[in-house]
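User: I would like to learn how to read the pockets of a protein model. Please take me through them on an example.

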Amino acid sequence: MLKITTFLLIFSLLFTSCQTSEEKQSTGTEKKSASTPKVDIADIELGIRSYIDSKTKEMDGYFHLRDDNKELRLKLVRVHTEYLSNLGPNRHFACVDLADENGDVYDVDFFLEGPSGAMDVTETTVHKLNGRPFYSWKQKSDKTWHRVPMENASNELLGIVEGEDEFEFYYETQLPKIQTDAKVWIPIAQSDKFQEIEIVDMQIPDENEILTETAYGNKILFLSLNSDHSNQQLKITYHVKRKEKGAYSEKNPDLNRYLSENILMPVGNTRFNEIVAEALEGKENQSDLVHARAIYDYIIDNMRYAKNKKYGTGDAVYACDSKTGNCTEFHSLFISLARTANIPARFAIGAGIPSDRDEGGIDGYHCWAEFYADEKWWPVDISEGNKYTALATYYFGRHPANRIEFTKGRDLKFEPAPQSSPVKFMAYPIFEVDGESIVSNAKFSFNRLNTK
């Protein structure tokens with residue numbers, strides 16, 4: 001009785017997580033022959049990997065799959081070993097993540113038939129796109145399973161605006177009391193291929209200039225002030241049109257820069273080498289895309305989002321030791337581990353815009369990362385994937401439209417320079433008042449413009 005209960009539990013878990021097939025007979029009709037050699041999970045993993053590898057080599061270096069009259073050209077990202085399953089004699093199930101050139105990640109379900117070493121795929125179905133399921137499963141009264149479409153599935157309640165977003169963004173800060181003089185540095189958002197930035201209004205003193213940061217081209221507003229400016233409110237109003245971000249190419253990327261260590265982000269130390277070896281065990285000869293996903297999963301599995309002690313410093317060693325932090329720790333550790341695995345990776349920071357309302361305040365900055373594989377930059381957001389496990393697949397290879405980016409890179413340098421130069425990263429203002437560094441403050445708010 002215990003064995004039957006356990007088997008039924010495993011089977012039910014399979015079909016509530018990562019499943020396919022138009023209709024599946026109940027386990028009661030599947031009886032294993034005593035003479036049939038046992039096929040274990042490792043055999044199924046080898047079977048699906050061999051199938052995908054052979055089909056990829058037959059074509060143009062991509063695994064081809066037709067979905068909705070569309071030809072998909074895909075690369076293997078991950079085999080979900082937790083969902084591999086035997087469904088009966090010589091019948092098996094596998095669930096695999098495959099990514100296209102734009103960074104869309106398809107969760108594909110496969111049924112295989114055959115003994116160990118000679119499996120063939122009998123059915124292939126796209127189950128999810130960027131973490132969004134197209135169907136679920138329901139058991140009929142005759143104990144067979146059938147697919148149930150998921151109408152109007154939406155990620156919006158979990159923080160994602162897909163496609164495009166448009167909003168006004170308000171960046172505000174208050175100067176402290178100034179006795180003699182002060183210097184202030186504020187990051188300025190810029191347009192790129194994913195965001196169109198217009199500065200609508202700047203309520204700031206006249207004594208200002210725009211600096212260009214040397215390494216990454218960031219723009220910094222520099223203010224040289226005196227006692228007349230004590231306690232003044234500064235405000236910048238942006239009009240932002242933002243596109244959802246997927247994998248993208250870049251002309252002449254300086255990849256060596258993104259393999260070197262930064263302040264608080266070492267590369268190749270003993271502990272990081274051990275973690276990379278652990279995360280990539282059994283995958284050593286696979287692609288950088290697979291390796292990046294393994295590191296991403298390692299961090300999600302081993303870190304917890306928590307604002308304890310030294311959080312927010314972007315210290316990869318602290319993140320590794322404490323296994324906690326906010327977005328800066330998650331992505332600093334990812335970048336250090338990726339670079340240790342010889343995968344170029346880089347950092348950016350800005351703010352997320354709430355998806356479930358159209359105006360109001362924003363709870364501070366947000367940061368993210370990108371890694372380089374298959375001649376493209378792939379965006380990731382591991383801290384959000386950690387918070388919302390249903391969207392872990394989405395955040396590997398995509399960033400939603402509802403965000404604004406302020407600056408790129410770490411260890412920023414510009415002139416005139418603050419005493420804290422180089423600046424580890426920059427989202428909030430830097431104040432130096434009467435020769436002393438003052439903890440800065442900033443308040444973010446927004447008003448969405450493309451409401452329906």
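User: Which strand supplies the largest share of the lining of the second largest pocket?

Analyst: A lining can be sorted by the elements its residues belong to. In this predicted model, strand 23 contributes four residues to the second largest pocket, the largest share. Strand 23 spans 403-408, and strand 19 (345-352) and strand 21 (366-373) also supply at least two lining residues each.

User: How many residues line the second largest pocket, and which lie nearest its centre?

Analyst: The lining has 26 residues, and nearest the centre are Asp 192, Glu 250, Arg 346, Glu 405 and Lys 408. The volume of this pocket is about 480 Å³.

User: How does the lining of the second largest pocket divide by class?

Analyst: Ten of its residues are charged, eight are polar and eight are nonpolar.

User: What is the volume of the largest pocket, and which residues are closest to its centre?

Analyst: The largest pocket holds about 1,300 Å³ of space. It is lined by 46 residues, with Asp 363, Gly 364, Tyr 365, His 366 and Tyr 428 closest to the centre.

User: How many residues of the lining of the largest pocket are nonpolar, polar and charged?

Analyst: There are 23 nonpolar residues in this lining, along with 13 polar and ten charged ones.

Technical notes. Residues numbered from 1 in each chain as written. Predicted model: local features only at pLDDT ≥ 70, side-chain atom pairs only at ≥ 80, totals over all residues. Heavy atoms only, no water. 1 Å grid on protein atoms, 1.4 Å probe; cavity = no way out; pocket = protein on both sides within 12 Å on 5 of 7 lines; lining within 4 Å. Points joined across faces, edges and corners; volume = space filled by probe spheres on them. Nonpolar A, V, L, I, M, F, W, Y, C, P; charged D, E, K, R; others polar.
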